[in-house]
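This report describes a few local features of one protein model. Please look at the sequence and the structure before reading on.

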Amino acid sequence: MPVFTEESSPEMLQRASGLKEPPLPRLSSPPPQNTDRTASGSRHEVVVIGSGPAGIMLSLMLTRYGISVLPVEKVTSMIIPGQADGLQPRTLEVLRTLGLYEEIFSQGFPNYRIAFWNPGKEGIVRTAVADDVTVPSRYPHKILLAAGRVVNILERQMNKYGNEVERGVEFEKFEIVGGEWPVKVHLRDTVTGRRFGVFTKFLVGADGAHSKVREQMGAKLQGESTDYIWGVVDAVLKTDFPDIRKRCAIHSNAASIMAIPREMIESQQYMTRLYTQLEENVDETSTVASAADEAEAKARARERRKRVTLPRILDQVKRTMEPYNVEVVKVDWWAAYQIGQRVATRFALQDSEGTDRVFIMGDACHTHSPKAGQGMNVSMMDGYNLAWKLAYELLELAPKGSLLPTYESERKDIAQQLIDFDNTFASKFSQKMGGPEEGGLTHEEFFDVFHTGGGFTSGCGIEYQQSNLVKKNPVKALSTTLNLDFGLLRAGRRLINVPLRRFSDDAPCEFHDALPSNGHHVVLLILPQDFKSPKIQQKISYLTITLPQKFVQGIVEPYVIHPLKSNDDVEWSDFPKAFKEDWEWNFLGDVSGQAYETFGVSKEAGVVAVLRPDGVVGGVWDLQELAPKGEVERWLSTNLASGGTRSVL
């Protein structure tokens with residue numbers, strides 16, 4: 001038997017249990033180590049109330065960034081019954097950068113098509129079938145999967161990074177007390193009844209539509225509730241309806257249904273979600289917008305919802321889907337709801353020094369109908385937006401107070417756009433078909449609302465407005481004719497994915513896969529054809545050597561794309577030596593030509609862009625701005641702390 005010696009490094013053993021993104025560098029003092037996280041007086045950099053889609057996304061991202069975060073949830077179980085069930089393309093893109101897409105895809109049901117059914121002579125008839133995603137995306141489909149399973153997947157990754165949700169802990173109130181730990185959060189153990197207080201630098205309420213955090217902030221939900229009562233049921237069905245495995249918008253003479261195919265649950269049984277309108281006659285006295293007394297309106301609405309029963313929902317489904325037969329094999333969950341579209345008057349509360357200290361997100365700050373498939377998605381993107389801004393503030397990687405105000409300005413604007421779209425879509429869906437001469441809605445009118453809203457509903461067409469984090473300016477090297485939803489490189493929008501080839505190993509890759517969610521800012525240089533000229537080489541040296549050193553090490557990464565048709569036409573000797581030494585994996589070739597065409601970039605001129613940690617384009621400039629004291633450096637200097645002499649922990 002041969003005798004040999006071997007030795008493994010601690011890092012190698014850690015990698016064996018799965019790779020993890022390293023935390024962001026820390027310039028601030030490390031947080032205290034709490035032996036008991038829920039002990040009275042314990043201190044946490046962030047406390048998150050609620051562990052639904054918004055809360056768990058925020059808690060996961062903060063944990064990955066290296067922040068001390070305490071997520072609490074009054075419910076003792078991990079499973080969330082019913083609620084949201086669809087992941088839109090932009091959300092899937094983000095989950096991919098977190099390494100979670102494969103698990104989501106394997107558990108969920110991908111939906112590519114939507115069928116439209118309308119009244120015929122003997123019941124409903126199919127009038128059209130279309131792509132469910134109407135704008136370019138890496139994922140031209142939705143994934144339909146129960147919110148509880150999505151939340152569990154995110155929570156398991158958070159566990160891998162060393163954090164967990166404290167369940168059975170209820171939020172009671174908060175106080176802004178000042179000092180180093182300026183927010184005191186009063187909590188209660190729902191099992192033992194023990195009351196205790198913890199201290200934090202930031203409190204986030206992701207505690208749903210009846211948010212206690214929002215109530216104590218003094219914020220109100222403004223908007224209206226319609227008078228339409230809807231029922232929703234998750235069930236396994238046995239039916240001869242031909243499109244049951246497609247998303248369907250069904251209008252009949254009886255009512256309207258949105259049918260959504262769902263994941264397999266057991267033994268080849270597939271879940272289907274059905275939203276059905278229940279009342280033909282409306283009751284304007286239960287509509288908050290038209291009621292003189294809001295409390296009375298809410299009471300009337302509650303009374304109407306109480307009259308909804310499961311047999312009534314199922315009977316309405318069967319009548320609406322005639323002449324097809326629908327048999328219910330198993331019911332997982334059902335509920336009744338009244339459509340409401342509201343946005344909170346504010347998303348953040350400041351302390352006496354003007355610093356945003358308390359935030360709300362998800363259903364706590366916007367409510368709407370579920371039929372456009374936005375609730376879980378917009379809520380998770382609230383958390384994704386706020387997480388990196390809180391992390392940079394806490395780690396002192398940004399000028400104090402510079403980033404946090406943009407959470408409300410960016411996400412409140414998106415929430416209002418959501419409400420406006422949902423108001424149109426939900427009202428159209430609730431109308432009877434028949435055309436204007438019959439006081440109804442035509443198929444063409446409904447289809448137009450669906451199609452034109454595709455950029456927003458997919459999440460791919462969302463655009464943030466001008467701010468210190470979004471610099472909008474004319475760019476000579478960009479196309480002026482390209483449709484924005486088709487991928488034009490534009491400040492305020494997410495960077496669309498394109499296929500590329502890594503230069504180092506000539507392997508094909510997707511651009512999004514080269515940009516993990518690690519909290520870094522990316523300076524993207526899209527080279528012109530003459531990139532070997534001394535002028536462009538000087539800019540490459542500045543990008544890869546000088547610029548990253550002006551900021552804290554590890555938070556600014558250069559990426560470079562060349563326009564040649566083959567990586568064989570490029571050599572490392574064409575570039576500064578430091579480019580290969582420090583950024584070998586960040587050099588990519590657009591050998592197919594798709595990147596320049598999709599981004600709308602001139603190959604003769606090239607452009608430079610800054611990408612924020614949430615994948616949003618912060619700014620795009622012509623190449624003369626990639627220079628000392630140019631616009632690229634000015635954008636970074638405005639939003640990031642300089643490298644300075646402080647030690648990185």
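Leaving aside its neighbours within four places in sequence, Lys-173 touches Lys-184, Val-185, His-186 and Gln-216. The model is a predicted one. Lys-173 belongs to strand β9, which covers residues 169-176. Is Lys-173 buried, exposed or partly exposed? Its relative accessibility is 41%, so Lys-173 counts as partly exposed, given that buried means under 20% and exposed means over 50%. Gly-197 is 24 residues away from Lys-173 along the chain, and the C-alpha atoms of these two residues are separated by 9.5 Å.

**Lysines over rings**

Two other lysines are placed over aromatic rings. Lys-20 has its charged end over the ring of Tyr-161, at 5.7 Å from the ring centre. Lys-201 lies over the face of Trp-181, and here the distance to the ring centre is 4.9 Å.

**Aromatic pairs**

A pair of aromatic rings is described by the distance of the centres and the angle of the planes. How many aromatic pairs does the structure hold? There are 21 aromatic pairs in the structure. One of them joins Trp-572 and Phe-579, with 5.6 Å from centre to centre and 85° between the planes. This pair is edge-to-face because its angle is 85° and planes over 60 degrees apart count as edge-to-face. Trp-572 and Phe-579 are both buried. They also belong to a cluster linked by ring pairs, whose members are Phe-503, Phe-531, Trp-572, Phe-575, Phe-579 and Phe-587.

**Empty space**

Rolling a probe the size of a water molecule over the atoms shows where empty space is left. In this structure there are 6 cavities of 30 Å³ or more. The largest cavity has a lining of 21 residues, and those nearest its centre are Leu-515, Pro-516, Arg-612, Pro-613 and Gly-615. Which element gives the most to the lining of the largest cavity? That element is α3, with 4 residues.

The second largest cavity holds about 160 Å³ of space. Its lining consists of 13 residues, and Arg-90, Met-381, Arg-411, Tyr-464 and Val-616 are the closest to its centre. Helix α9, which spans residues 375-394, contributes the most to this lining, with 3 residues.

The second largest pocket is lined by 25 residues. Nearest its centre lie Gly-66, Ile-67, Ser-68, Tyr-161 and Gly-162. Tyr-161 is also the residue whose ring lies under the charged end of Lys-20. Helix α2 (residues 53-65) gives the most to the lining of this pocket, with 3 residues.

The table sets out the volume of each of these spaces and the classes of the residues that line it.

| Space | Volume | Lining residues by class |
|---|---|---|
| Largest cavity | about 250 Å³ | 9 nonpolar, 7 polar, 5 charged |
| Second largest cavity | about 160 Å³ | 5 nonpolar, 3 polar, 5 charged |
| Second largest pocket | about 530 Å³ | 11 nonpolar, 8 polar, 6 charged |

Definitions and conventions: Residues are numbered from 1 along each chain as its sequence is written. This is a predicted model: local features need pLDDT of at least 70, side-chain atom pairs count only at pLDDT 80 or more; totals for chains, interfaces and linings use all residues. Side-chain values use heavy atoms; hydrogens and water are left out. On a 1 Å grid over the protein atoms alone, a cavity is a set of points where a 1.4 Å probe fits but cannot get out, and a pocket is an open set with protein on both sides within 12 Å along at least five of seven lines; lining residues have an atom within 4 Å of a point. Grid points are joined across faces, edges and corners, and a volume is the space filled by probe spheres set on the points. Helices (H or I, at least four residues) and strands (E, at least two) are DSSP runs, numbered from the N terminus. Ala, Val, Leu, Ile, Met, Phe, Trp, Tyr, Cys and Pro count as nonpolar, Asp, Glu, Lys and Arg as charged, and the others, Gly among them, as polar. Rings of Phe, Tyr and Trp (its six-membered ring) pair if their centres lie within 6.5 Å; planes under 30 degrees apart count as stacked, over 60 as edge-to-face and the rest as tilted. Buried means under 20% relative accessible area, exposed over 50%, partly exposed in between (1.4 Å probe, protein chains only). A charge sits over a ring if NZ of Lys or CZ of Arg is within 6 Å of the ring centre and within 35 degrees of the ring normal. Contact means heavy atoms within 4.5 Å.
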